[in-house]
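Subject: A structure for you to explore

Hello,

Here is the structure I promised to pass on to you. Please open it next to this email and follow along as you read.

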Amino acid sequence: MLLEKIEALRAQIKELKADNSEAIEALRIKYLSKKGEVTALFNEFRNVPNEQKREFGQRLNELKTLATEKINSLKEKSQASEAQANKIDITRPAFPSEIGTRHPISTVRKEIIDIFSRLGFTLADGPEVEDDLHVFTSLNFAADHPARDMQDTFFINNDPNDVTRNIVLRSHTSSVQSRVMKTTQPPIRIICPGRVYRNEAITARAHCFFHQIEGLYIDKNVSFADLKQVLLYFAKELFGPETKIRLRPSYFPFTEPSAEMDVSCMLCGGEGCGFCKHTGWVEILGCGMVDPNVLELCGIDSKVYTGYAFGVGVERITNLKYMVKDLRMFSENDVRFLKEFEHVH
Ligand code: PHE
C-alpha cells in the first residue's frame, strides 16, 4: 500500500509544473508542509513492520528530496523568467562603475600648486566674501581707484550708510596675502588658490567668476631676479623645458615695479602663428615687487624686508594647455566636455 503511494506521488511530483511564485508556494504546501502529502506518508511509516522500515525509509527520504529539489528548481526558473520580463540583467555588477573625472580646472590648479610646493611655498586660504580693507585698502588701492568701481566688484550691499557696504566678493586672491601679512612676520612664502568674482558680462572670453593662484614671498634681500627665476622655473615645469619667458612693464597698485609675463607660444615655439597672433608670445600672469606701502599697511617693516608677488589665472592656463576656446565650458558641466579630460592627470 505505502509503496504504491510512494510511487504514485513520485510520478506526480516529477511532472509538476508552475511558473509563478504563488503557484509554486501552493505546491510546496500541498506536498511538503506539515499537512502535506509527503509528510503524511512519513506519519504512515510508523505502521510499517520493522523488517521493512529500512527499505521504506530510504524510499520516503528519496521522495522528499525529489519534491524539495523539484520545487526549488521551479522557483529558480520562475525567478529568472520574471527578471527577464522586467528587463533586469541579473548578471550585471551590483554597483554601476561609471567613474567621474577630475574637472580640468582642478587638474591644472593642482599642477600649479605642485610646482610651487616643490619650491617651498605653502598654501594659504581666506574667505570669498571679504571686506574692502583686505581686497583693496591694505593693498594700496587709492580711494578712487577704478577697480573698486561697481563695474568690477560685486558689492554685497549698495547702501553707502550701511556698514556692509564694505563687504564685497573678492575680485582677486591678493586679499589672502594681506591677511597673511597682517598676522605673520616674514619670512612668508605662500600661494593662495581660490575663486574670485568680477562683475563682467558672461561671454566666451570673460566670466563673472574664475580661479586664481597668487604667490607671495617676503624676506630680507628678496629681489626682482628671485622673482624672475621662480617664474622661469614655473613656466618650464608647466609648458616644457624649451619654454622662454619675457617680462613687460605693467601697473598694479600693490606692486612696484610691476610686470606682465609672457611665455613663448606653446604651439609654434615662438616662431609666430595664428594662436599667438604672430607675435610668438602669449601672456600668462601679472607680477611685481610688493610695494613698500603695502608692507607698511600690513605691519611689516619695509626697511628690513622686501618681497615679490604674482597672480596666475587658472582658466587662462587651462585654455593655453588644452586649447579650450570658450570659458563657459568650464562651468556648464557638460559631461561630454568633462569626459575629454578623462586621461589628463
Ligand atoms: N591681483 C592681480 C590680479 O588679480 C594679479 C597680481 C598679483 C599682480 C600679484 C601682481 C602681483 O590681476
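Two strands pair if DSSP finds at least two bridges between them. Helices (H or I, at least four residues) and strands (E, at least two) are DSSP runs, numbered from the N terminus. Before you start, note that this is a predicted model, in which local features need pLDDT of at least 70 and side-chain atom pairs count only at pLDDT 80 or more, while totals for chains, interfaces and linings use all residues. Residues are numbered from 1 along each chain as its sequence is written, and side-chain values use heavy atoms, with hydrogens and water left out.

In which order do the 7 strands of the open sheet lie? The order is 1-4-5-9-8-7-6, with mixed pairing. At the edges are strand 1 (122-123) and strand 6, each of which pairs on one side only.

Strand 8 and strand 9 run antiparallel and are joined by 5 bridges; here M289 stands opposite Y308 in strand 9. Strand 5 and strand 9 also run antiparallel, joined by 8 bridges, and Q212 stands opposite G313 in strand 9. Buried means under 20% relative accessible area, exposed means over 50%, and partly exposed is in between (1.4 Å probe, protein chains only).

Now move to strand 6 (residues 245-252) and strand 7 (residues 255-264), which pair in the antiparallel sense over 7 bridges. A hairpin through 2 residues joins strand 6 to strand 7. The bridge partner of R248 is E260, in strand 7.

Helix 10 is followed by M323, which lies in the loop between helix 10 and helix 11. M323 is partly exposed, with a relative accessible area of 32%. Together with L267 and F275, M323 makes a nonpolar surface patch of about 250 Å². Patches are made of residues with over 30% relative accessible area and no salt bridge; like charges are joined within 9 Å, nonpolar side chains (Val, Leu, Ile, Met, Phe, Trp, Tyr) within 5 Å. A salt bridge is a side-chain nitrogen of Lys or Arg within 4 Å of a carboxyl oxygen of Asp or Glu. Accessible areas come from the Shrake-Rupley method with a 1.4 Å probe, and for residues only the protein chains shown count as cover.

Most residues other than glycine have a negative phi, and most peptide bonds are trans. M323 has a positive phi, near 55 degrees. K277 has a positive phi too, near 50 degrees. K277 lies in the loop between strand 7 and strand 8 and is exposed, with a relative accessible area of 65%.

Where are the cis peptide bonds to look at? A cis peptide bond joins P186 and P187, with omega about 5 degrees, and P187 is found in the loop between helix 7 and strand 4 (188-197). A cis peptide bond also joins E256 and P257, with omega about -5 degrees; the place of P257 is in strand 7.

**Cysteines**

How many disulfides does a search of the whole structure find? The search finds 0. C265 is in no disulfide, and the nearest cysteine sulfur, that of C268, is 3.7 Å away. A disulfide is a pair of cysteine sulfur atoms within 2.5 Å. C265 is buried, at a relative accessible area of 2%. The sulfur of C298 is 12 Å from the closest cysteine sulfur, in C192, which is too far for a bond. C298 is buried as well, at 4% relative accessible area.

F56 is found in helix 4 (residues 50-85) and is buried, with a relative accessible area of 8%. F56 touches L2, L3, I6, F45 and V48, not counting residues up to four places away in sequence.

S171 sits in the loop between strand 3 (167-169) and helix 7 (174-183). With a relative accessible area of 7%, S171 is buried. Leaving out residues up to four places away in sequence, S171 touches V135, F136, V196, Y197 and R198.

Enjoy exploring!

Key: Contact = heavy atoms within 4.5 Å.
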